[in-house]
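Thanks for making time this morning. I would like to walk you through one model, going from the overall layout to individual residues, so please keep the sequence and the structure in view.

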Amino acid sequence: MRVAKPTVLLAFLGPTLLLLIVLRIWPATAAFVDSLYAPRSDQISLDNYRFIFSDRVFQQSLMVSAIYSLIVNPLQIAMALMLALLLNTKTAMIGLWRTLVLLPAAVPLSVSAVIWGIGLRPDGPINALLMTMGIDPQRFLTSPDQALWSIILIVSWVGVGYWMTFLLAGLQEIPKSLYEAVRIDGANRWQTFRYVTLPQLRRTLTFVLVANTVANFLVFAPVQILTQGGPRGSTNLIMNEIFTLGFVQGDRSSAAAATVVLVTVVLAVVLIQFRMMQAPEDNAA
Amino acid sequence: MTTRRFSFRPLAAAACGLLFFLPIWWVAVGALRPREDIFRYLSPLSWRTLWPTDTTIANIVMLFQSDFTRALFNSVFVTVVAVAFGLILCAMAGFALAVMRFRGREFVFFLIVVSFLIPFDAIALPLFGLMLDAGLQNTYIGLILPGIGNGLAVFLYRQFFLGIPKELREAGVVDGMSTFGIFWRIYLPLSRPAHITAGLILFLFQWQAYLWPLLIAPDTKYKVAAVAIAQFTDNVEGTQYNLIFTAAFFIALIPMIIITYFQKYFTSSVASMGGKG
């Protein structure tokens with residue numbers, strides 16, 4: 001390889017690099033710098049962080065986001081994995097069922113929010129179904145106990161099929177010979193899953209776990225459209241809190257500090273998950 | 001695998017497929033029925049709940065006579081432009097990182113990776129402040145620019161180009177091709193799977209975006225469909241659910257067609273990316 005001519009290199013790399021620096025790295029840096037200056041102060045300090053962390057609303061938002069993450073990620077991945085195992089077969093019309101599970105993934109989250117917002121109305125079809133089954137109608141999005149679960153439903157309807165496709169592709173890459181080998185050894189279904197499928201799927205699962213966790217930290221449209229964080233702050237996920245701080249209340253300093261907190265948490269979670277999913281046998285193999 | 005022994009499996013697969021599809025079907029039915037029928041067949045539930053009896057295209061006609069037409073056009077326009085420019089620019093950057101030798105290449109690659117590890121929505125608000133100062137609110141440029149430079153697409157192209165044998169490139173040099181010629185006539189034609197995956201990433205980013213267009217393009221003239229549907233105004237008779245259903249159907253239809261069509265590439269290429277990444 002010869003050293004590239006600067007003009008040619010600039011033509012190929014320049015535009016994209018400029019876009020990424022100006023539109024991704026610069027605003028992230030700007031948020032970091034802004035977060036260090038309290039309003040009307042030219043001294044670097046942690047005042048903005050002290051302020052948001054002592055703010056009850058922000059504390060509750062962190063709590064809600066943590067609870068939401070701990071529920072939604074395992075739930076979606078477990079469902080996606082079960083669906084992938086179910087649909088990893090060659091029966092008639094399987095292609096159609098796969099496509100139907102994937103289709104909601106094409107629906108923008110704002111559209112999913114609007115549709116389910118109507119579906120979960122007090123006089124909507126979900127309550128109609130519950131009543132047919134002899135269950136009392138529920139308040140869903142207007143109940144502090146059910147609103148977060150409603151958001152989880154809205155997000156999972158588009159998410160599960162999406163992550164399922166990755167896991168399905170991962171399952172199909174597992175060599176058939178491995179399954180035959182353990183069958184000869186007399187392994188049962190659970191043992192096959194535990195000692196063949198799961199280890200072979202580790203890389204795909206890592207990718208899905210990390211990407212899904214990041215995506216779920218950023219959920220915003222359903223909250224902003226349907227609940228604005230309510231009722232009683234029960235759905236005030238971190239993105240909605242940042243939006244409320246920065247855009248609705250115009251408190252750019254607090255929004256910048258909250259943004260830095262979010263980005264830091266995202267990067268930390270990504271790192272931890274990669275560590276955790278690294279198996280000892282990866283080194284041996 | 002041990003599939004054939006269990007006969008309930010096709011049934012379970014069908015049930016899951018239909019369950020996921022049900023809300024889409026309900027929206028499509030709602031788009032085709034008169035406004036007063038939307039909540040009419042709910043108690044008790046009957047076959048009419050999920051089957052339109054008095055089908056009408058009045059909703060569609062009404063929807064496309066409203067501001068929504070403009071919003072849908074905006075979505076299509078910004079998505080087409082972002083995907084077209086994004087593909088070519090990200091491919092060029094990926095090419096530079098894969099085949100060119102220059103000082104600081106590792107650092108540039110590091111910047112690319114950092115740029116896609118920082119989630120865009122997380123920095124949307126600070127970026128909005130910068131764009132506001134630059135006078136880019138309510139412009140197509142403001143809507144499109146963040147969708148063009150995509151670190152993940154660059155990364156994907158780089159990985160794919162690294163797999164193309166360097167003998168092909170050397171043959172091109174012997175034939176007297178320019179760097180751009182090698183890129184355009186050798187690398188791009190060989191990279192169909194990368195184009196499709198990168199194209200899908202860029203497409204979904206732009207089409208599904210909500211927070212960024214909400215901030216940067218609130219004006220009716222530039223509002224995109226994903227934002228417009230959340231802001232349907234009530235008229236004297238209350239919320240126009242019939243129009244919301246119709247709009248939801250059209251916003252979802254375009255990505256549904258694209259994802260279904262490219263389903264095979266979508267799964268295989270992104271899965272291998274997950275493995276390598």
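In what order do the elements of chain A run from the N terminus on? They run α-α-α-α-α-α-α-α-α-α-α-α-α-α, and the secondary structure of this chain comes to 14 helices and zero strands, where helices (H or I, at least four residues) and strands (E, at least two) are DSSP runs, numbered from the N terminus.

Before going further, some conventions: this is a predicted model, in which local features need pLDDT of at least 70 and side-chain atom pairs count only at pLDDT 80 or more, whereas totals for chains, interfaces and linings use all residues. Residues are numbered from 1 along each chain as its sequence is written, chains are lettered from A and ligands numbered from 1 in the order in which they are written, and side-chain values use heavy atoms, with hydrogens and water left out.

Let me begin with chain A as a whole. Its C-alpha atoms fill a box of roughly 75 × 75 × 35 Å, taken along the principal axes. Of its 285 residues, 54% count as buried, and here buried means under 20% relative accessible area, exposed means over 50%, and partly exposed lies in between (1.4 Å probe, protein chains only). Taking contact to mean heavy atoms within 4.5 Å, residues 24 or more positions apart account for 68% of the contacts in chain A with a separation of 6 or more.

Next, the annotation. An unreviewed UniProt entry gives "domain: ABC transmembrane type-1" for residues 62-273 of chain A; the positions are in the numbering used here, feature names are shortened, and annotations may be inferred rather than shown by experiment. In the model that span is 74% helix and 0% strand, with its end C-alpha atoms 20 Å apart. The unreviewed entry also lists "transmembrane region" for several spans of chain A, including residues 66-87 and 147-169. Residues 66-87 of chain A are 100% helix, with end C-alpha atoms 31 Å apart, and residues 147-169 of chain A are likewise 100% helix, with 34 Å between the end C-alpha atoms.

Turning to the pairing of the chains, the size of an interface is often given as the accessible area lost when the parts come together. Chain B and chain A bury about 7,900 Å² between them, 79% of it on carbon and sulfur atoms, buried area being the accessible area (1.4 Å probe) that two parts lose on being put together, summed over both. In terms of contacts, 92 residues of chain B meet 88 residues of chain A.

How many salt bridges does the rule find across the interface of chain B and chain A? It finds zero, a salt bridge being a side-chain nitrogen of Lys or Arg within 4 Å of a carboxyl oxygen of Asp or Glu. Over all chains the count comes to two. In one of these, A:Asp47 pairs with A:Arg50, the closest N and O atoms being 2.7 Å apart; the two residues are separated by about one helical turn, because they are three residues apart in helix H2 (residues 47-53) of chain A. A:Asp47 is partly exposed at 36% relative accessible area, while A:Arg50 is exposed at 55%. There is also a salt bridge between A:Asp123 and A:Arg121, with 2.8 Å between the closest N and O atoms; A:Asp123 is partly exposed at 41%, and A:Arg121 is partly exposed at 22%.

In chain B, B:Gly172 is found in helix H8 (residues 166-174) and is buried, with a relative accessible area of 2%. Leaving aside residues up to four places away in sequence, B:Gly172 touches B:Met177, B:Ile182 and B:Ile186.

Finally, some backbone geometry. Most residues other than glycine have a negative phi, and most peptide bonds are trans. The peptide bond from A:Gly230 to A:Pro231 is cis, with omega near -10°, and A:Pro231 is found in the loop between helix H11 (221-227) and helix H12 (238-248) of chain A. A:Met93 has a positive phi, near 65°, and is found in the loop between helix H3 (56-87) and helix H4 (94-102) of chain A. B:Asn138 has a positive phi near 55°, in the loop between helix H5 (124-133) and helix H6 (140-148) of chain B.
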